[in-house]
Amino acid sequence: MDKIPNNRAWWLVLPVFLLVAFSALIPLMTVVNYSVQDIFGPGQAYFVGTEWFKEVLTDERLQDSLLRQFLFSGAVLLIQIPLGIGVALMMPKSGIKGSLCLILVAIPLLIPWNVVGTIWQIFARGDIGLFGWGINQLGVDYNYTGSTVDAWLTVLLMDVWHWTPLVALLCYSGLRAIPEAFYQAAEIDRASKWAVFRYIQLPRLKSVLIIAVLLRFMDSFMIYTEPFVLTGGGPGSSTTFLSQTLTTMAIGQFDLGRAAAFSLIYFLIVLLISWLFFTAITHADKEQ
Amino acid sequence: MAEIHLKSLAHSYSKSPSGPEDYAIRQLDHVWHKGGAYALLGPSGCGKSTMLNIISGLVQPSEGEVLFDGIRVNALSPRDRNIAQVFQFPVIYDSMTVYQNLAFPLKNNKVPAARIKARVQDIAEVLEIEDKLHKKAKNLTADEKQKVSMGRGLVREDVSAILFDEPLTVIDPQLKWKLRRKLKQIHEQFDITMVYVTHDQLEASTFADKIAVMYDGQIVQFGTPTELFEQPNHTFVGYFIGSPGMNLIDVERCEAGVRFGSVEVVLEPWQIEHLNRLSSTNLKIGIRPEFIEIGLEPKVNSYEVEVLDMEDLGTYKIIDLGLGDETLKARVDEDFDARIGSRVHLTLPPQWTMLYVDEFLIQEQS
């Protein structure tokens with residue numbers, strides 16, 4: 001069939017272009033706009049170039065929360081990915097038990113972020129919370145509002161509870177997609193459970209794991225609501241992560257220029273790391 | 001190596017089978033002898049693969065026993081039965097290289113590294129994939145994958161048996177021939193019990209010493225290719241083996257033997273005697289196209305028939321002959337010539353005219 005060149009066809013791209021413009025480009029450019037100006041009030045904006053960026057990059061408070069953020073995301077990935085795979089492996093393959101497990105596992109995913117924060121805030125309290133009270137009864141001195149370590153553990157535990165199911169569900173779907181013939185062949189080849197996991201299940205989970213790692217990284221890197229509700233960033237600033245620092249700066253202090261510069265850097269970090277993950281994993285795939 | 005005995009085996013995939021039609025395998029007894037090369041031949045859906053999976057332990061039979069060298073193995077998993085099986089569609093571990101794939105079953109069996117290396121090399125040579133040993137298995141073509149899959153079945157030396165489930169389906173015909181020969185050689189070399197499932201009679205007869213023909217969940221005949229050809233035990237064997245299959249005609253009793261329409265077929269005295277002892281009315285006679293004799297002149301007990309059609313197959317011809325209301329196929333030499341519509345004379349040699357009662361052959365008592 002001959003193609004008929006007709007430039008009016010470009011109009012068909014317009015809806016998508018508009019959608020992307022309003023959903024991404026225009027808001028992003030607004031931020032870029034703020035990041036290079038110092039705004040004192042309506043009509044009182046001065047162009048400052050890269051000054052905000054320099055300031056943000058040398059700000060100790062931000063560096064601290066960036067470091068915390070990396071620690072947190074690293075811990076989240078290290079715990080949730082293996083745990084998610086483990087849960088998926090243990091779930092029944094089919095039948096009523098399988099469906100029941102799916103529902104149970106999926107429940108934490110359905111709870112709104114701030115409710116999750118509230119649940120854990122109460123759950124982990126030493127006086128009336130079952131978890132906190134239980135731990136204290138065991139003779140362990142646990143107080144997430146006072147101790148940095150306890151606060152961290154609680155935030156991590158909450159995130160693991162909230163988001164491991166996502167990894168588990170992704171892996172579960174990946175596992176179910178492996179044809180039965182592979183298990184049969186492995187059985188015939190007398191493969192151990194570990195060998196089955198290492199050589200059949202894990203390689204075939206790769207694509208869902210890429211998605212899981214990326215989603216969990218991005219989500220945990222941008223975490224805001226749950227620790228904000230649970231600890232409010234404390235004690236001190238020990239659980240103040242990047243987005244909370246940013247929000248305080250933008251809305252609390254109304255430091256728009258600085259906050260804008262910071263958001264752009266934040267955005268670039270997420271983009272860069274996601275890209276690194278993705279290329280590293282897909283490249284490993286192409287070798288040989 | 002082991003002798004595999006299937007004792008009153010039956011299998012149904014439904015939980016509460018209500019009749020024989022619910023069974024994939026109907027009650028059968030069968031022995032695969034130690035060190036034999038066997039083919040399990042039958043049409044799709046006759047229960048061949050089910051039987052293979054029962055032997056290997058992937059499927060638990062609903063009734064009966066599986067015995068390896070007289071020991072009941074029903075409760076043992078495939079790994080404990082120590083059996084190798086090659087599947088119809090290639091199963092390869094795609095994160096591994098070809099070498100790792102072939103070494104995998106040996107590694108799982110804790111074979112020493114040096115031995116693994118030698119063994120993998122041997123098998124790779126036999127299958128002619130030694131130049132691909134260090135390639136990632138997922139980058140192979142479909143038939144290379146199947147070779148790897150087959151190699152994994154052949155690589156272990158101590159297996160009780162190797163089972164092949166139509167392993168050459170995805171392989172192109174040229175290579176098929178070669179691989180079949182290879183398997184045969186491997187069998188002669190290592191003397192392992194091999195069971196080869198196929199729906200292709202040529203494949204079965206080139207590979208196996210003895211063929212079990214399966215039909216509707218039962219083994220209807222177990223014999224050498226010659227026996228299956230000359231003495232088909234069941235009308236299905238007659239029809240399924242041979243190309244074209246046996247001519248089968250529904251008949252009724254008469255004085256001289258049997259008849260269909262106005263055509264009488266004279267039978268041997270022992271056949272008639274046997275027939276008189278049975279009351280069934282489901283009677284058939286069968287004769288292979290190869291054994292029908294055709295001449296231009298009438299002979300004793302010959303019938304005048306019309307040539308309905310003629311197919312030239314290169315080295316021989318198949319002609320359709322109208323006898324009464326039935327059409328018989330006969331195989332004749334390439335140089336036989338007759339016009340369609342002309343009349344020739346046909347003889348049914350008594351020693352090749354089989355009588356079937358209720359689909360089973362009436363045999364001469366010796």
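**Figure 1. Chain B is divided into domain 1 (4-236) and domain 2 (251-361).** The bounds come from an automatic or database domain assignment. The C-alpha centres of domain 1 of chain B and domain 2 of chain B lie 39 Å apart. Five residues from domain 1 of chain B and seven residues from domain 2 of chain B take part in the contact; two residues are in contact if their C-beta atoms, placed from the backbone, lie within 7 Å. By class, the side of domain 1 of chain B that touches domain 2 of chain B has one nonpolar, four polar and no charged residues. Ala, Val, Leu, Ile, Met, Phe, Trp, Tyr, Cys and Pro count as nonpolar, Asp, Glu, Lys and Arg as charged, and the others, Gly among them, as polar. This is a predicted model, in which local features need pLDDT of at least 70 and side-chain atom pairs count only at pLDDT 80 or more, while totals for chains, interfaces and linings use all residues. Residues are numbered from 1 along each chain as its sequence is written, and chains are lettered from A and ligands numbered from 1 in the order in which they are written.

**Figure 2. Strand E9 (residues 210-215) of chain B pairs with strands E3 and E10 of chain B.** Helices (H or I, at least four residues) and strands (E, at least two) are DSSP runs, numbered from the N terminus. Two strands pair if DSSP finds at least two bridges between them. Strand E3 (residues 37-41) of chain B runs parallel to E9(B), with four bridges, and Leu40(B) has Ala212(B) as its bridge partner in E9(B). Five of the six residues of E9(B) are buried, so the strand is largely enclosed by the rest of the structure. A residue is buried if 20 or more other C-beta atoms lie within 10 Å of its own, exposed if 12 or fewer, and partly exposed in between, with C-beta atoms placed from the backbone.

**Figure 3. Chain A meets chain B through 15 residues from chain A and 21 residues from chain B.** Helix H8 (180-188) and helix H9 (193-221) of chain A each supply at least two residues of the chain A side. H8(A) gives the most, with six residues. The side of chain A that touches chain B has nine nonpolar, three polar and three charged residues.

**Figure 4. Arg190(A) lies in the loop between H8 and H9 of chain A.** Its phi is near 60 degrees, a positive value in a residue other than glycine. Most residues other than glycine have a negative phi, and most peptide bonds are trans. Arg190(A) is buried because 23 other C-beta atoms lie within 10 Å.

**Figure 5. Two loops of chain B contain Asn82(B) and Pro244(B).** Asn82(B) is in the loop between helix H2 (78-81) and strand E6 (84-86) of chain B, and has a positive phi near 55 degrees. With 18 other C-beta atoms within 10 Å, Asn82(B) is partly exposed. Pro244(B) is in the loop between helix H9 (235-240) and strand E11 (247-253) of chain B. The peptide bond from Ser243(B) to Pro244(B) is cis, with omega near -5 degrees.
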